[in-house]
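Please look at the sequence and the structure shown below.

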Amino acid sequence: MEIPAHFADLERFVDRWRLRNSSERMAAMAAADIEELRELCAAMLPRIEAVVTHLNLFPVDDMPPREQALYELALTFAEVSHPVDLGWATPEVSDLFPNDRMNLVGPALAW
């Protein structure tokens, strides 16, 4: 899946980090190496304002496919960046409630 051309520098992250719901994003974060998260954050952080500005041109429930891919990549960045932001040595979150026991419903499924 491609993203809008003016965000082509972020395209390399789409296959790995375009995740469609919070459960997928949490599982991916927990399975990731901290260096993977640092690389994603280093690329996304300087671009996130432009990404959000671009995505605000489209209705959230009816985005074109390229924008939808970019939106899901941005959501992943927002949800998995805290280990990097907090200076953790690992994305280990073993003390959290088990992800596979969470049952998201309603609008939470889309986040």
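## Basis of the model

This is a predicted model, in which local features need pLDDT of at least 70 and side-chain atom pairs count only at pLDDT 80 or more, while totals for chains, interfaces and linings use all residues. Residues are numbered from 1 along each chain as its sequence is written, and side-chain values use heavy atoms, with hydrogens and water left out.

Two packed helices are described by the angle between their axes and the distance between the axes. Helices here are DSSP runs (H or I, at least four residues), numbered from the N terminus. Axes are lines fitted to C-alpha atoms over the stretch in contact, and angles run from 0 to 180 degrees between N-to-C directions.

Helix H2 spans residues 22–31 and helix H5 residues 65–80; their axes come within 10 Å and cross at roughly 55°. That makes H2 oblique to H5 (under 35 degrees is roughly parallel, over 145 roughly antiparallel, 65 to 115 roughly perpendicular, and the rest oblique). The crossing is right-handed, a term for a near helix turned clockwise from the far one by less than a right angle. Ser22, Arg25 and Met29 of H2 make the contact with Leu75, Thr76, Glu79 and Val80 of H5 (contact means heavy atoms within 4.5 Å).

The whole structure holds eight salt bridges (a side-chain nitrogen of Lys or Arg within 4 Å of a carboxyl oxygen of Asp or Glu). One of them joins Glu79 and Arg25, at 3.1 Å from N to O. Glu79 is in helix H5 and Arg25 in helix H2, 54 residues apart.

Is Arg25 buried or exposed? At 1% relative accessibility Arg25 counts as buried, whereas Glu79, at 26%, counts as partly exposed. Buried means under 20% relative accessible area, exposed over 50%, and partly exposed in between (1.4 Å probe, protein chains only).

Arg18 and Glu72 form a salt bridge, with the closest N and O atoms 2.5 Å apart. Arg18 lies in the loop between helix H1 (14–17) and H2 and Glu72 lies in helix H5, so the pair ties together parts 54 residues apart in sequence. Arg18 is buried at 13%, and Glu72 is buried at 7%.

Arg20 also meets Glu72 in a salt bridge, at 4.0 Å from N to O. Arg20 is partly exposed, with a relative accessible area of 46%. Through shared partners, salt bridges join Arg18, Arg20 and Glu72 into one network.

Definitions and conventions. Helix = DSSP H or I, 4+ residues; strand = E, 2+ residues; numbered from the N terminus.
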